[in-house]
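Here are some short notes to read beside the model. Please keep the sequence and the 3D view open while going through the points.

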Amino acid sequence: YVPNDVYKNFQNQMGSSITYSRTFKTSNLTVSANHNQNNSLHLINLNLPDIAYSLNTLYPFQRKDIIGSPKWYDKLGIAYNGTFRSQVSFYDTAIRVKSLIDTLQWGGQHNFPITLSLPPILGGSIMVSPNVSYENKWIAQKFRRSWNDTLKKVDTTITKGLYVDHRASFGIGFNTAVYGTFNFKGSNNLSIRHVVRPTVSFNYSPSLSKSHWYKTQVDTNGRIEPFSEFEGSLFGFYGQEDFGGISFGLDNNLEMKKRSKKDTTVQFKKIRLIDGFGFNGGYNFIADSFKLSTINFYLRSTLFDKINITASTLLDPYLTDSFGRKVNKYAWQGDKFSLGRFPSGSLTMTTEFRSKPRDEKKDQERKQAEQKLLNDPVLATDAQSQIEYMRRNPAEFVDFKIPWSIDLGLSVFYSERRKPDYSGYEKEFNSNLTFNGTFSLTPKWSFTMN
């Protein structure tokens with residue numbers, strides 16, 4: 001059944017982008033602009049400029065000539081990551097300067113992480129990582145809600161200007177890796193290795209944004225809700241609560257090793273069973289309520305060295321009232337035992353088919369370097385997150401060394417969304433099927449379709 005409505009049957013969208021990037025000796029700069037146009041709605045969105053600048057970690061107190069063991073201050077490093085973005089939306093049927101100014105949004109984010117590498121403790125089995133971080137956000141407008149008692153509704157006001165939101169944090173982290181092997185008896189000499197990577201960190205982050213939070217009435221029942229006046233900003237906003245507590249996580253991976261029958265040069269063959277599974281969360285000792293954070297559970301695996309699977313879900317451990325608001329009582333303390341509410345979750349499966357690279361030696365070196373990062377207990381988490389991002393967003397990465405490639409993906413998402421009348425939550429399911437193909441016509445021309 002096809003309704004006789006051209007706007008429902010046909011949509012035409014155009015998009016374009018241009019990116020300039022440069023790598024300096026100790027820093028990286030990327031400048032980009034992009035445009036998206038919906039010709040059915042006559043709506044045009046422009047992002048320009050989009051600037052990202054990062055300064056590699058510098059060691060200002062490191063001596064030029066280190067004699068003997070390095071001092072603790074030799075490993076004190078500081079880095080910088082900054083982003084600036086602006087965007088504007090308008091209709092091509094009525095382009096006015098005032099409408100451009102009204103819809104213009106811009107913002108920036110600056111982060112200054114300070115790191116210090118200390119020697120391992122307990123015989124080198126536990127890594128110690130102190131950290132200090134300061135960041136701020138540049139925000140272009142304030143967005144405030146207020147209750148209109150005459151019309152019995154919520155009014156909103158927007159005030160444009162330059163506003164800055166701040167956050168600072170201090171902490172020290174401990175991580176290690178524990179290995180265990182279970183051997184099966186038999187001719188194949190099967191064995192399963194289990195690697196456990198626990199992480200614990202103690203952090204303190206005072207809220208520097210309390211003055212930007214307010215409370216207002218939201219309905220005729222007199223219900224009061226807290227809001228940030230930086231709602232809708234390009235880079236979000238910081239919370240109003242201080243954090244002084246513990247963050248914890250437990251990452252695992254399983255792999256099997258068996259004797260290789262086909263390849264006589266390799267005595268044993270490794271088979272990845274589960275690349276990683278675990279959880280992470282936090283507990284805020286100084287909070288007045290809701291001390292335990294939501295717990296993030298995740299799993300990542302690779303089937304037949306071809307199908308990548310990632311899954312994750314959030315667990316909210318608190319009860320809710322009839323309006324869907326959290327109450328300061330754990331779910332297992334209610335009338336019926338429950339671990340809590342799962343407000344969101346996702347499952348993604350991707351696979352890829354690629355031709356042989358033009359330089360197989362360099363491609364093999366890249367894979368070995370990638371595996372080396374994954375086996376490092378300190379860098380494994382960051383490396384895995386980057387690899388997962390590349391798997392989920394293949395269109396953002398172009399490899400001119402590979403003549404052609406095809407990527408397929410299936411994603412299923414689940415979420416609970418607050419109802420507009422604040423009377424509870426409604427469930428929402430989404431699924432996406434994606435296809436992405438590229439081929440290199442010449443060493444400098446790559447075509448992509450998706």
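1. Start with strands S9 and S12. They run antiparallel and are joined by 15 bridges. S12 covers residues 243–259. One place to look at this pairing is Ser191, which stands opposite Lys257 in S12. Bear in mind while looking that this is a predicted model.

2. S9 also pairs with strand S7. S7 covers residues 153–175 and S9 covers residues 191–205. The two run antiparallel, with six bridges between them. Which residue of S9 is the bridge partner of Phe170? The partner is Tyr204.

3. A further partner of S9 is strand S8, made up of residues 178–183. This pairing is again antiparallel and has six bridges. Within it, Gly180 has His194 in S9 as its bridge partner.

4. Now the whole protein. How many helices and strands does the protein have? There are four helices and 21 strands.

5. Contacts between residues at least 6 apart in sequence can be sorted by how far apart the residues are. In this protein, 59% of them join residues at least 24 apart.

6. Finally, burial and surface. The protein has 450 residues, and 28% of them count as buried. Its accessible surface is about 29,200 Å². Carbon and sulfur atoms account for 59% of that surface.

Terms used. Residues numbered from 1 in each chain as written. Predicted model: local features only at pLDDT ≥ 70, side-chain atom pairs only at ≥ 80, totals over all residues. Heavy atoms only, no water. Pairing = 2+ DSSP bridges. Buried < 20%, exposed > 50% of the residue type's maximum accessible area, 1.4 Å probe, protein only. Contact = heavy atoms within 4.5 Å. Areas by Shrake-Rupley, 256 points an atom, 1.4 Å probe, with all protein chains shown as cover.
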